[in-house]
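Please open the model in your viewer and keep the sequence panel beside it, so that each stop on this tour can be selected in turn.

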Amino acid sequence: MNRKKNIFITGKRRVGKSTIIDKVINKIELEISGFKTKPFFNSLGEVVAFTINSASNADCKEEPQFIAKKIDKRKWMAQLQTFETYGVELLRKSLYDESKVIVMDEIGFFEASACNFQKMINECLSSEKVVFGVIKPIPLPFIKKIKNREDVVIYEITKDNREEEFEKILKDLREVLTSV
């Protein structure tokens, strides 16, 4: 297959990257696997942590699996053990389930030292399955390696282009799915 089968969205914070992922999945009515990260709020509505959840049942009430916790105003502490256990488990299951698409929303800096999780991401990218995800626009070596893969296409989303890019991504994913 000549078409790039792994599709990632990147862009600044709060431009609608995860919203595009959700809209595309709903529009195509995909059976998915993989993971989604979500902010975790305290009683004052402040983000104090981030969790990782199954993408296939992201709305279910599971015990929070923290991937990062805020330790002061600007500092976060990555929870590497969560990536290396639960994150790896989610991706391993994704490789062997019935879904055609593995969602990775999102890949960023918290997992920069999670070697086993990174290895599973690479296994997913190299598998027959399509990976559809969000990747942070940061210059970390692991992220650069993903972006430079020959089987990866990156869409940069802004507030001005998100509707137009949604249509392109939708079309691209449909075409990729017909060829896998």
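Predicted model: local features only at pLDDT ≥ 70, side-chain atom pairs only at ≥ 80, totals over all residues.

Residues are numbered from 1 along each chain as its sequence is written, and side-chain values use heavy atoms, with hydrogens and water left out.

Select helix 2, residues 80–96; helices here are DSSP runs of H or I with at least four residues, strands are runs of E with at least two, and both are numbered from the N terminus. Now centre on Gly87, where helix 2 bends by about 30°, the bend being the angle between axes fitted to the seven residues ending there and the seven starting there. Among the buried residues of helix 2 are Phe83, Leu90 and Leu91, where buried means under 20% relative accessible area, exposed over 50% and partly exposed in between, with a 1.4 Å probe and protein chains only. The buried residues of helix 2 pack against strand 2, strand 3, strand 4, strand 6 and helix 3, a contact being heavy atoms within 4.5 Å.

Next, select Phe41, which lies in strand 2 (residues 32–41). Is Phe41 buried, exposed or partly exposed? Phe41 counts as partly exposed because its relative accessibility is 46%. Leaving out residues up to four places away in sequence, Phe41 touches Glu46, Val47 and Val48. Finally, draw a distance from Phe41 to Tyr155, 114 residues apart along the chain, and find their C-alpha atoms separated by 29 Å.

Methods. Expected span 1.5 Å × (residues − 1).
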